[in-house]
Amino acid sequence: MVLKINNVKDEFLDNILEEAMKEFNNFFKLKWERNKPWIVKVPDRKTIDILYGKKTESWLVGWVSGRQIFILDNKTYEKESNHKYSDEEYIALIKHELSHLYIQILIEKGFIPNWLSEGVCIHISGQNKFKNKPKSFNKFLDYFEKGGKGIYKESGFVVELLIKKYGNEKLI
C-alpha cells in the first residue's frame, strides 16, 4: 500500500495547534520548542482504516502516533463519522490528541493507566462540557476487562474532581 501525503496550508489548524501548545506548555510546565507535532488530515474512513491498521469504529476520528496527530478532515467529519461537526468540538478533539503527546513526554517510557491518560486529555481539552456529567463513576475502570466507551464518558470528570481536590501540580 502506498499513500501520497501533501503539505497543505491550513491556518485554522495551525492556529489551534499553536494556541493549544502555549496552553499545554503552561499546564504541564513544559517548554516544547523542538520537534513539534504535525497534524495529518485524514480524508475519509477508508484512509483511517489503512493508517490505523484495521477496520475502525465510526466514533474514532483522531489518534496519535509518534509525534503526529492524525485527525479526520473537518470537511468530511460528519459524513465519515458518527459525530456532528462544530468548530468548538473539533478544536477540543485536536487538543485532546495533542495532550496525549504531552503525556507521552511526561511519562517518557513509563506507564499511566488509560483512564488517567484519557481523563486528563478529556479534561484539559475542554471535552467535558460536551458530555453529561455521570451520577456515579462505575465504568471507567472496566476498560481493561471489557473495553468500551465508559472510559470516555467518565474519566474526564474523575480527573476534574481530582484537580479540584488536589490541584494541577499534584496531578502532574
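1. Asp44 caps the N-terminal end of helix α2, with a side-chain oxygen 3.4 Å from the backbone nitrogen of Lys46. A polar contact here is a pair of N or O atoms within 3.5 Å; within protein, one must be able to donate a hydrogen and the other to accept it, and residues adjacent in sequence count only if both atoms are side-chain atoms. Helices (H or I, at least four residues) and strands (E, at least two) are DSSP runs, numbered from the N terminus.

2. The model is predicted: local features need pLDDT of at least 70, side-chain atom pairs count only at pLDDT 80 or more, and totals for chains, interfaces and linings use all residues. Residues are numbered from 1 along each chain as its sequence is written, and side-chain values use heavy atoms, with hydrogens and water left out.

3. Helix α2 spans residues 45-52, and Arg45, Thr47, Ile48 and Asp49 in it are buried. Buried means under 20% relative accessible area, exposed over 50%, and partly exposed in between (1.4 Å probe, protein chains only). Contact means heavy atoms within 4.5 Å. Just after the helix, Gly53 has a positive phi of about 90 degrees.

4. Ser81 sits in the loop between β3 (68-72) and α3 (87-107). Its relative accessibility is 11%, so Ser81 counts as buried. Polar atoms of the Ser81 side chain lie 2.6 Å from the backbone oxygen of Tyr77 and 3.1 Å from the backbone nitrogen of His83. Leaving aside neighbours within four places in sequence, Ser81 is in contact with Arg45, Ser58, Val61 and Leu72. One of these, Arg45, is among the buried residues of α2.

5. Val158 belongs to helix α6 (residues 150-171). Val158 counts as buried because its relative accessibility is 11%. Not counting residues up to four places away in sequence, Val158 touches Trp115, Phe137 and Phe140. The C-alpha atoms of Val158 and Gly119 are separated by 6.9 Å, with the two residues 39 apart along the chain.

6. Is Ile5 buried or exposed? At 69% relative accessibility, Ile5 counts as exposed. Ile5 lies in the segment before α1 (11-28). Its C-alpha atom is 8.6 Å from that of Val40, and these residues are 35 apart along the chain.

7. For the chain as a whole, there are six helices and three strands, following the pattern α-β-α-β-β-α-α-α-α along the sequence. The radius of gyration is 16 Å, close to the 16 Å that the globule rule gives for 172 residues, so the chain is as compact as a globular protein of that length. The radius is taken over C-alpha atoms, and the rule is 2.2 Å times the number of residues to the power 0.38. Along the principal axes, the C-alpha atoms fill a box of roughly 45 × 35 × 30 Å.

8. Of the 172 residues, 40% count as buried. Among contacts between residues at least 6 apart in sequence, 65% join residues at least 24 apart. The accessible surface of the chain is about 11,000 Å², of which 50% belongs to carbon and sulfur atoms; accessible areas come from the Shrake-Rupley method with a 1.4 Å probe, and for residues only the protein chains shown count as cover.
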